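Work through the exercises below with the sequence and the 3D view at hand. Try each task before reading its solution.

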Amino acid sequence: MLFMRFAWMVQPRNYLLFACHMFVRGCETHLQATMASKAATRGLGARARAFMASETGPRTTHFWGPVANWGFVLAGLADTKKPAEMISPNMTAAMCVYSMLFMRFAWMVQPRNYLLFACHMSNESVQLYQMSRWVQWHQGQAKDPSPPTFAASAVQ
């Protein structure tokens, strides 16, 4: 509701952000209604019913936020295939700080959000690996200040 109000009040109005949050709110309402019914959980075991009804279950943002954040980890893993000169040290450092802050948040929030913590710990590992690749590439560039150009290699 807060971001829907923000998207509506900001000038110029952000209709796309408003529509996205309106859709999410509608999905949350529908999901809560279907999961709350006995018919939705009748065939599940006791542990599954307890998880569905818990404070960190799939009817809360404690669950869906981390699930969405796994996209950062997957994108970082996909970037490990790219050459090191394409790595942005500024963006990688920002992602490292972001993941450190949210690891602390996931640990301090009550109830503790272990799924969010695991997600950001994985992202921190991937981003630190990316930063180490960039540092190694950058140090290699510093040792050889004038790499051969295409014209110089064509002359030989």
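The following exercises concern a predicted model.

**Exercise 1. Overall make-up**

Task: State how many helices and strands the protein has, and in which pattern they follow along the sequence.

Solution. Step 1: a count gives eight helices and zero strands. Step 2: reading along the sequence, the pattern is α-α-α-α-α-α-α-α.

**Exercise 2. Burial and contacts**

Task: Find what share of the residues counts as buried, and what share of the contacts between residues at least 6 apart in sequence joins residues at least 24 apart.

Solution. Step 1: the protein has 156 residues, and 21% of them count as buried. Step 2: of the contacts between residues at least 6 apart in sequence, 58% join residues at least 24 apart.

**Exercise 3. A pair of helices**

Task: Describe how helix 6 and helix 7 pack, giving the angle and the distance between their axes. Are they roughly parallel or roughly antiparallel?

Solution. Step 1: two packed helices are described by the angle between their axes and the distance between the axes. Step 2: helix 6 covers residues 89–108 and helix 7 covers residues 114–143. Their axes lie 8 Å apart, at an angle of about 155°. Step 3: angles over 145 degrees count as roughly antiparallel, so helix 6 and helix 7 are roughly antiparallel to each other. Step 4: the crossing of these two helices is left-handed. Step 5: the residues of the contact of helix 6 with helix 7 comprise 18 nonpolar, six polar and one charged.

**Exercise 4. A salt bridge**

Task: Find out how many salt bridges the structure holds and which side chains meet in a salt bridge.

Solution. Step 1: side chains of opposite charge can pair when their charged atoms come close. Step 2: the structure holds one salt bridge. Step 3: the side chains of Asp79 and Lys82 meet in a salt bridge, with 3.3 Å from N to O.

**Exercise 5. One tryptophan**

Solution. Step 4: Trp8 and Ala19 are eleven residues apart in sequence, and their C-alpha atoms are 9.8 Å apart in space.

Definitions and conventions
Residues are numbered from 1 along each chain as its sequence is written. This is a predicted model: local features need pLDDT of at least 70, side-chain atom pairs count only at pLDDT 80 or more; totals for chains, interfaces and linings use all residues. Side-chain values use heavy atoms; hydrogens and water are left out. Axes are lines fitted to C-alpha atoms, for helices over the stretch in contact, and angles run from 0 to 180 degrees between N-to-C directions. Helices (H or I, at least four residues) and strands (E, at least two) are DSSP runs, numbered from the N terminus. Angles under 35 degrees count as roughly parallel, over 145 as roughly antiparallel, 65 to 115 as roughly perpendicular and the rest as oblique. A crossing is left-handed if the near helix is turned anticlockwise from the far one by less than a right angle, and right-handed if clockwise. Ala, Val, Leu, Ile, Met, Phe, Trp, Tyr, Cys and Pro count as nonpolar, Asp, Glu, Lys and Arg as charged, and the others, Gly among them, as polar. A salt bridge is a side-chain nitrogen of Lys or Arg within 4 Å of a carboxyl oxygen of Asp or Glu. Buried means under 20% relative accessible area, exposed over 50%, partly exposed in between (1.4 Å probe, protein chains only). Contact means heavy atoms within 4.5 Å.
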